[in-house]
Amino acid sequence: MNEDEMIKELAQPIIEKLKEVASEIGDREFAEIPQIRLVRQPMAEPMVVDGFEITDEFLEKLEEYVQDELEMMHKPSILH
């Protein structure tokens, strides 16, 4: 599994939960698109998932992917 696949796999449960929350809120309009931030607690040992070390850089990529998905949920764009 490469890094992009790992990001999508880890992001999926987060995105599903965000969709649940969005459906609970309904069609209410937001003044701005909600922002998501992922925070990793400092650890003595590195955290490794399926051979990938979860670094701050990896979390930034995961956060960016989830934020992009969140923005598409609230303001989808049409490609021409």
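Hi everyone, let's start with a definition: a crossing of two helices is left-handed if the near helix is turned anticlockwise from the far one by less than a right angle, and right-handed if clockwise. Keep that in mind for α1 and α2, whose crossing is right-handed.

Before going on, some housekeeping. This is a predicted model, where local features need pLDDT of at least 70 and side-chain atom pairs count only at pLDDT 80 or more, while totals for chains, interfaces and linings use all residues. Residues are numbered from 1 along each chain as its sequence is written, and side-chain values use heavy atoms, with hydrogens and water left out.

Let's look at α2. Helices here are DSSP runs of H or I with at least four residues, strands are runs of E with at least two, and both are numbered from the N terminus. Helix α2 covers residues 56–74, which is 19 residues. From first C-alpha to last it reaches 27 Å, close to the 27 Å expected at 1.5 Å a residue (that is, 1.5 Å times one less than the number of residues).

Which residues of α2 are buried? They are Phe58, Leu59, Leu62, Glu63, Val66, Gln67 and Leu70. Buried means under 20% relative accessible area, exposed over 50%, and partly exposed in between, with a 1.4 Å probe and protein chains only. These buried residues pack against α1 (3–25) and β2 (52–53).

Now the helix pair. α1 and α2 pack at an angle of about 45°, with their axes 9 Å apart (axes are lines fitted to C-alpha atoms, for helices over the stretch in contact, and angles run from 0 to 180 degrees between N-to-C directions). That makes α1 oblique to α2, because angles under 35 degrees count as roughly parallel, over 145 as roughly antiparallel, 65 to 115 as roughly perpendicular and the rest as oblique.

Next, Gln67, in helix α2. Gln67 counts as buried because its relative accessibility is 8%. Beyond neighbours within four places in sequence, Gln67 is in contact with Ile33, Pro34, Gln35 and Ile36, where contact means heavy atoms within 4.5 Å.

Pro34 sits in the loop between α1 and β1 (48–49) and is partly exposed, at 28% relative accessible area. Not counting residues up to four places away in sequence, Pro34 touches Gln67, Leu70 and His74.

Last stop: Asp50, in the loop between β1 and β2. Most residues other than glycine have a negative phi. Asp50 is not a glycine, yet has a positive phi of about 45°. Asp50 is also exposed, with a relative accessible area of 57%.
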